[in-house]
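Let's take a walk through this protein, starting with how its parts are laid out. Have the sequence and the 3D view at hand.

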Amino acid sequence: MSAFYVTTPIYYVNGEPHAGHAYTTIVADALARYHRLKGNDVFFLTGVDEHGANIHKAAEDAGLAPQDYCDKMAPIFIELWKRLNISHDIFMRTTSDMHKRGAEKFLTALYDSGDVYKGSYEGHYCRPCERFVPEKELTDEKICPIHKLPLEWLEEENYFFRLSKYQDRLLEHFHENPDFVYPAARRNELLSVLDSGLEDISISRSSVSWGISLPFDPEHIVYVWIEALMNYMTALGYEIDSDQYHTFWPADVHIMAKDITRFHALIWPAMLMATHLPLPKQVVAHGWLTKDGEALSKTRGIAIDMDTDIETYGLDAFRYYLLREFSFGNDGDYRPARLHARYNADLANDLGNLLNRVLGLVNKNFESIPEPTTFGEFDDEITAMAQTTVAKLDEHINSFAFDTALETVWEFVRRINRYVQQTQVWTLAKLETKSRMGTILYNSLEALRFISVLISPFIPDTAEKIQKQIGLAEFDAVAEWGRLPVGLAVGRGEPIFPRIDIKKQKQKQPKESTQPKQKEANLVAFADFQKLDLRVARILSAKPIEGADRLLKLEVDLGTEKRQMVAGIAEHYKPETLAGRQVIVVANLEPATIRGVESHGMVLAGSGDSVVLATLETEMPLGTQIR
Ligand code: MSP
């Protein structure tokens with residue numbers, strides 16, 4: 001048994017949690033549950049970040065003292081995590097005494113390292129980010145590149161951390177640990193930040209009063225980001241040097257979205273280097289969850305109505321959709337129509353119907369789970385596939401490919417459906433074939449038990465429901481074939497994913513999603529077309545690729561992110577004519593390496609005798625979806 005420590009970011013309490021926070025937390029939950037299933041000793045942290053000017057302001061706006069405001073907000077997060085079946089071991093609050101004392105101990109150690117000095121600071125400050133925006137990121141309009149809001153000019157006396165001193169050691173660490181930051185796009189982003197040079201950072205604020213005082217100069221409050229990062233250690237009892245701290249630190253994986261990797265993969269490790277403490281093993285970032293291609297935003301009213309979807313489809317369908325539909329490192333657009341499609345196809349049809357069908361046949365033909373005695377065609381293939389599914393699942397989870405991990409399990413689900421079909425098990429009730437029928441049904445039930453174990457980290461309620469229906473009194477979490485006892489009285493086969501009321505659905509779904517599928521060749525179902533994520537983007541730069549006359553390497557801006565794409569347009573466009581052009585791209589195409597160059601998406605073009613880039617009649621905001 002090995003220790004496994006996984007964390008989510010601690011979320012700011014100046015707003016209520018939304019589907020974006022839910023996504024990160026569900027991902028971390030799935031990972032924590034998966035490691036528990038493997039028998040690891042897991043510690044799973046989530047929590048809230050309660051200090052700083054933004055929280056102070058939100059409290060003032062609410063007419064509350066900051067602590068009262070935090071005491072009101074923290075339970076809203078706790079309540080949501082309960083509703084989403086999150087299995088955290090600690091809900092961290094940065095206003096807790098344990099955190100305050102731990103943070104003071106860490107700050108003292110940081111000060112003692114000699115890498116903290118006093119200086120003055122002036123610059124363009126973004127309040128929502130709580131950071132000075134570096135010159136390099138400044139535009140002429142002086143707006144925050146993340147929040148798109150005007151920056152304030154701020155002058156302060158601050159304490160600084162000598163981040164610049166750790167540049168080389170960080171680079172070395174990145175090179176020696178290629179998986180330290182995952183996925184590669186984020187790693188490369190940070191490597192280029194490192195290449196362009198790190199500046200020292202201010203770690204205190206004298207203009208802020210809601211926070212923790214620096215132990216070496218109580219006039220100053222520690223910068224909320226510096227304080228927040230320490231929570232990952234203070235939560236374990238760093239302050240008292242507890243056993244728990246020694247068991248779980250360093251963290252195995254810090255999970256987050258791509259917005260905050262710099263803090264986690266550059267500043268946090270440098271702070272740990274300065275204090276001679278071990279670094280987290282991995283910093284892993286997923287993409288943005290968007291709505292109609294746009295970033296979620298309270299002020300702009302762009303939100304995902306997860307409550308309605310959970311109410312309609314159930315929590316597990318929501319969890320399944322998030323984990324199965326989105327490719328982990330990339331942005332993903334939340335679409336209720338896709339959740340509906342996944343519910344019907346994967347959950348109700350593939351899995352739910354299989355369980356029902358098998359239970360129905362057992363109930364009709366046997367008193368209880370029959371003994372497998374007559375082995376035949378396909379049996380060995382099924383048992384072998386069960387084991388390879390376990391191995392493949394492990395591989396995918398270790399690379400955070402939750403979508404392929406679930407697809408792997410569903411390949412097995414569909415194989416069992418085929419097994420039932422191929423063996424025509426319902427025709428074997430005659431005396432001479434009944435024992436064969438019993439064996440096939442036993443195998444199918446054991447496969448369902450096996451499947452329930454494998455899906456339990458992702459959709460735990462469903463896993464339990466399946467085992468209950470099979471007749472197991474207690475959840476059997478072991479993925480070894482043949483553990484299903486003979487003689488259990490199975491359930492009557494209540495549908496685990498009942499049909500969703502169509503009338504209710506019609507009001508909610510776009511008309512297209514309830515249309516029958518086109519069967520003719522060459523026609524694509526609307527649901528399949530919808531899988532394509534076509535977006536408006538702008539080419540930022542274009543370069544030839546050595547040894548590939550037809551190809552250009554493009555840097556493309558999708559509004560929410562920049563991507564590299566390879567396009568076969570070199571014979572028709574000169575690279576220098578391309579920068580600034582709007583194009584249409586397939587944003588969710590599987591990444592590929594073309595002539596040694598990574599391509600994350602595809603630029604669309606009319607291609608016949610000549611090749612002409614596809615564009616819209618007039619320009620539209622970057623990231624706009626094409627439908
Ligand atoms: N308090 C800091 C984190 C400190 S960690 C030591 C913070 N808080 S936050 O409330 O802004 O949360 C940011 C995180 O919320 C993202 O990194 C991500 O995990 C999650 N998300 C917020 N919006 C999201 C989406 N739209 N999509 C995906 N994740 C989202 O930063």
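Start with two centres: those of domain 1 and domain 2, taken over C-alpha atoms, sit 42 Å apart. Domain 1 covers 335-469 and domain 2 covers 528-626, with bounds that come from an automatic or database domain assignment. Keep in mind that this is a predicted model, where local features need pLDDT of at least 70, side-chain atom pairs count only at pLDDT 80 or more, and totals for chains, interfaces and linings use all residues. Residues are numbered from 1 along each chain as its sequence is written, and side-chain values use heavy atoms, with hydrogens and water left out.

Now zoom out. The C-alpha trace of the protein chain spans about 90 × 70 × 50 Å along its principal axes. Of its 627 residues, 54% are buried (buried means under 20% relative accessible area, exposed over 50%, partly exposed in between, with a 1.4 Å probe and protein chains only).

Next, look at some backbone details. The peptide bond from Y182 to P183 is cis, with omega near 0°, and P183 falls in the loop between β7 (181-182) and α6 (184-196). Helices here are DSSP runs of H or I with at least four residues, strands are runs of E with at least two, and both are numbered from the N terminus. W249 and P250 are also joined by a cis peptide bond, with omega about 5°.

Finally, find Q424, in the loop between α14 (402-423) and α15 (434-455). Its phi is near 50°, a positive value in a residue other than glycine. Q424 is partly exposed, at a relative accessible area of 35%.
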